[in-house]
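The following note sets out some points on the side-chain contacts of the model.

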Amino acid sequence: MATEDRELLERFLNSLFRDATTVRRLDVLLRAQTYDLPEIVLEMVNNLPPVPYNRHTLADQLNSAIVGNGLSRRFGTVE
């Protein structure tokens, strides 16, 4: 399950930044709802600050939330 969750999260990020270098929080929220992301990830995405994100800053935010919720074994870190 952990490997599947990590891969799903990476595919989610790849899809967000496939055609854009910057995304808005609303873009992240809408895309997250189309993926079958675990509820805890949807909650993390919902709690993101409403600022524009490039891949690096979004990965940093998600990694902080993953570590802060003690989920690094399940999700690892994203890049």
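**Notes on side-chain packing and pairing**

1. F12 has 0% relative accessibility and therefore counts as buried (buried is under 20% relative accessible area, exposed over 50%, and partly exposed in between, with a 1.4 Å probe and protein chains only). The model is predicted: local features need pLDDT of at least 70, side-chain atom pairs count only at pLDDT 80 or more, and totals for chains, interfaces and linings use all residues. Residues are numbered from 1 along each chain as its sequence is written, and side-chain values use heavy atoms, with hydrogens and water left out.

2. The whole structure holds 1 aromatic pair (ring centres of Phe, Tyr or the six-membered ring of Trp within 6.5 Å; planes under 30 degrees apart are stacked, over 60 edge-to-face, the rest tilted). F12 and Y35 form this pair, edge-to-face, at 5.8 Å centre to centre and 70° between the planes. Because F12 lies in helix α1 (residues 2-16) and Y35 in the loop between α2 (25-34) and α3 (39-46), the pair ties together parts 23 residues apart in sequence. Helices are DSSP runs of H or I with at least four residues, numbered from the N terminus. Y35 is partly exposed, at 23% relative accessibility.

3. Y35 also meets S15 through a side-chain polar contact of 3.2 Å (N or O atoms within 3.5 Å, one able to donate a hydrogen and the other to accept it; residues adjacent in sequence count only if both atoms are side-chain atoms). S15 is placed in helix α1 and is buried, with a relative accessible area of 5%.

4. The largest nonpolar core has 23 residues, of which F12, L13, L16, V28, V45 and L58 touch the most other members (such a core joins buried Ala, Val, Leu, Ile, Met, Phe, Trp, Tyr and Cys through side-chain atoms within 4.5 Å). Two or more residues each come from α1, α2, α3 and α4 (55-68). Beyond neighbours within four places in sequence, V28 is in contact (heavy atoms within 4.5 Å) with F12, L16, V23, V45, L48 and L58.

5. There are 2 salt bridges in the whole structure (a side-chain nitrogen of Lys or Arg within 4 Å of a carboxyl oxygen of Asp or Glu). One joins E10 and R55 at 3.3 Å, N to O. Since E10 lies in helix α1 and R55 in helix α4, this pair ties together parts 45 residues apart in sequence. E10 is partly exposed at 24%, as is R55 at 22%.

6. D27 and R24 meet in a salt bridge at 3.2 Å, N to O. D27 is partly exposed, with a relative accessible area of 25%.
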